[in-house]
Amino acid sequence: MGLETTSWDWLRNGIKSVVPQFSILERVENGVLDGMADVNYVIRGVEGWIEMKAAEIPKRSSTPILGSEGMRISQINWHLQRQRLLGRTYVFVSAAPFRWLVAGYHAAEINEWTIDDFSAKSRFWYDEKWGRKEWERLVKALTS
């Protein structure tokens with residue numbers, strides 16, 4: 001099981017543990033619309049999209065996390081188009097032991113970010129085990 005798959009399981013199960021009856025999270029595989037995000041969610045009546053990315057932490061702190069495995073132009077454009085219309089889009093990046101939730105309006109610059117950039121500019125991030133309080137904060141970030 002790859003890091004992106006385990007990150008998806010972690011994210012879905014964590015959100016469902018806080019709002020089980022008020023949330024839908026669905027993995028979307030779309031061969032028609034290039035660039036569309038991986039996950040559609042509705043939480044407490046608020047809909048949004050999340051692109052899932054997984055990477056290894058580079059040896060040098062000055063090396064970008066995503067690099068060549070990052071956002072494609074079609075994905076960047078998809079996020080920016082929706083952000084201009086006030087849509088809710090995010091990029092969820094896993095690079096063990098870190099996970100970051102980044103607002104979609106950063107899509108054009110995210111491929112160049114280092115660990116420090118992700119930690120400073122992310123909407124939400126973690127590097128240890130979460131409890132209910134952290135999940136509630138993440139749900140609030142996705143729905144506000």
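## Basis of the model

Buried residues have under 20% relative accessible area and exposed ones over 50%, with partly exposed in between (1.4 Å probe, protein chains only). By that scale Glu-136 is partly exposed, with a relative accessible area of 37%.

This is a predicted model, in which local features need pLDDT of at least 70 and side-chain atom pairs count only at pLDDT 80 or more, while totals for chains, interfaces and linings use all residues. Residues are numbered from 1 along each chain as its sequence is written, and side-chain values use heavy atoms, with hydrogens and water left out. Helices (H or I, at least four residues) and strands (E, at least two) are DSSP runs, numbered from the N terminus.

## Salt bridges

The whole structure contains four salt bridges, each defined as a side-chain nitrogen of Lys or Arg within 4 Å of a carboxyl oxygen of Asp or Glu. One of them joins Glu-136 to Arg-132, with the closest N and O atoms 3.0 Å apart. Both residues belong to helix 4 (residues 132–143), where Glu-136 and Arg-132 are four residues apart, about one turn of the helix. Arg-132 is partly exposed at 48% relative accessibility.

Another salt bridge links Arg-12 and Asp-9 at 3.2 Å, N to O. These two are three residues apart in helix 1 (residues 3–18), which means a separation of about one helical turn. Arg-12, at 24% relative accessibility, is partly exposed. In the salt bridge between Glu-51 and Lys-53, the closest N and O atoms are 3.9 Å apart. Glu-51 is buried at 2% relative accessibility, and Lys-53 is buried at 10%.

Strands count as paired if DSSP finds at least two bridges between them. Strand 1 (residues 23–27) and strand 2 run antiparallel and are joined by five bridges; Ser-23 has Ile-43 of strand 2 as its bridge partner. Strand 2 also pairs with strand 3 (residues 46–54), again antiparallel and over five bridges, and here Asn-40 stands opposite Trp-49 of strand 3.

The hairpin of strand 2 and strand 3 has two residues between the strands, and Arg-44 takes a positive phi near 50° there. Strand 2 (residues 39–43) is mostly covered, with four of its five residues buried.

## Aromatic pairs

Six aromatic pairs are present in the structure. Rings of Phe, Tyr and Trp (its six-membered ring) pair if their centres lie within 6.5 Å; planes under 30 degrees apart count as stacked, over 60 as edge-to-face and the rest as tilted. Trp-49 and Trp-78 form an edge-to-face pair, 5.6 Å centre to centre with 80° between the planes. Trp-49 lies in strand 3 and Trp-78 in helix 2 (residues 73–84), so this pair ties together parts that are 29 residues apart in sequence. Trp-78 is buried at 4% relative accessibility.

Phe-98, Trp-100, Trp-113 and Phe-118 make up one aromatic cluster.

## Arg-99

Arg-99 sits in strand 5 (residues 98–103). This residue is buried but has no salt bridge, and the nearest side chain of opposite charge, Asp-9, is 9.1 Å away. For charge, Lys and Arg count as positive and Asp and Glu as negative, with His and the chain ends not counted.

The side chains of Arg-99 and Ser-94 are joined by a polar contact of 3.3 Å. A polar contact is a pair of N or O atoms within 3.5 Å; within protein, one must be able to donate a hydrogen and the other to accept it, and residues adjacent in sequence count only if both atoms are side-chain atoms. Apart from neighbours within four places in sequence, Arg-99 is in contact (heavy atoms within 4.5 Å) with residues including Thr-6, Trp-10, Phe-92 and Tyr-126.
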